[in-house]
Amino acid sequence: MDQEIRDKLKSVSVATLATALFKRGLRHQVIQGVHPIGHKGANMVGPAFTLRYMPAREDRNQLAEFRNPDHPQRVAIETCPEGHVLVMDSRKDARAASAGDILLTRLMKRGGAGAVTDGGFRDADTIGKLDMPVYHQRPSSPTNLTLHEAIELNVPIGCGDAPVFPGDIIVGDADCVIVIPAHLAGEVADEAVEMSAYEDFVIERVRDGEGIIGLYPCTRDEHRAAFEKWRQENGR
């Protein structure tokens, strides 16, 4: 991933990115229902590497499956490229875990940029202490084999009702996670940085008692001129 784009996306909110994508007609890019486990204070940013779960069938999902070196869940952890975000389609079902602290620790040690599931992770308290951002719906203790069969790697998936294609850019902040189509990442990052600068100016004005009509969105020349002066004074 281009480092300049990564750096820009680390500095903007998912809310701002959602607005930038909305302008381009994309309305369903936020992964619904997921939350950070112990937010690290910085955005999660990286290309998507995907794992798809399907409903488990009892004769195919016994504990012996974990002895298989080709088990897709284990392979995902060992092959997710450095700097990528592992995104898991767990069908929005958090009744069984998508993974736990041991696997996610291994992902972190291999240089993963983060992990997201629309299900749940077990050992959430320990996961929250990792030096890697992780997002899920809620804690879940039962092993994934209870309900999920890891079936396919690095294919298009749905995660929290959002379409995720391998290589799409995943951004997570203190609120939630959004998926940016790879071909739009550069222009969306540029626009989001500009939007964020104006929003920082606006919040200062609002805290000083300014009304929002004509200010947000900017429809008056006086506010536009004041913003340009503010940018020069603040190096933005």
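**Before starting.** I took helices (H or I, at least four residues) and strands (E, at least two) as DSSP runs, numbered from the N terminus. This is a predicted model, where local features need pLDDT of at least 70, side-chain atom pairs count only at pLDDT 80 or more, and totals for chains, interfaces and linings use all residues. Residues are numbered from 1 along each chain as its sequence is written, and side-chain values use heavy atoms, leaving out hydrogens and water.

**Entry 1, the second largest pocket.** I learned that a pocket is an open set of points on a 1 Å grid over the protein atoms alone, with protein on both sides within 12 Å along at least five of seven lines; lining residues have an atom within 4 Å of a point. A volume is the space filled by probe spheres set on the points, which are joined across faces, edges and corners. I found about 150 Å³ of space in the second largest pocket. Of its 14 lining residues, Arg-74, Ala-99, Gly-100, Leu-103 and Arg-122 are the closest to its centre. Both α3 (72–79) and α4 (101–109) supply at least two lining residues each, and α4 has the largest share with three.

The elements giving two or more residues to its lining are α6 and α7. Which element gives the most to this lining? I noted α6, with four residues. The lining includes Glu-194, Tyr-198, Tyr-216 and Arg-231. I sorted it into five nonpolar, no polar and three charged residues, counting Ala, Val, Leu, Ile, Met, Phe, Trp, Tyr, Cys and Pro as nonpolar, Asp, Glu, Lys and Arg as charged, and the others, Gly among them, as polar.

In a cavity, a 1.4 Å probe fits but cannot get out. I found one cavity of 30 Å³ or more, and the largest cavity holds about 40 Å³ of space. Among its lining residues are Pro-36, His-39, Lys-40 and Tyr-135. The lining divides into six nonpolar, two polar and one charged.

Ile-203, Val-206, Ile-212, Ile-213 and Tyr-216 form a nonpolar patch with about 470 Å² of accessible area together. Areas come from the Shrake-Rupley method with a 1.4 Å probe. I placed Ile-212 in the loop between α6 (185–207) and α7 (221–234). Why does Ile-212 count as partly exposed? Because its relative accessibility is 46%, and buried means under 20%, exposed over 50%, partly exposed in between.

Technical notes:
Patches are made of residues with over 30% relative accessible area and no salt bridge: like charges are joined within 9 Å, nonpolar side chains (Val, Leu, Ile, Met, Phe, Trp, Tyr) within 5 Å. A salt bridge is a side-chain nitrogen of Lys or Arg within 4 Å of a carboxyl oxygen of Asp or Glu. Buried means under 20% relative accessible area, exposed over 50%, partly exposed in between (1.4 Å probe, protein chains only).
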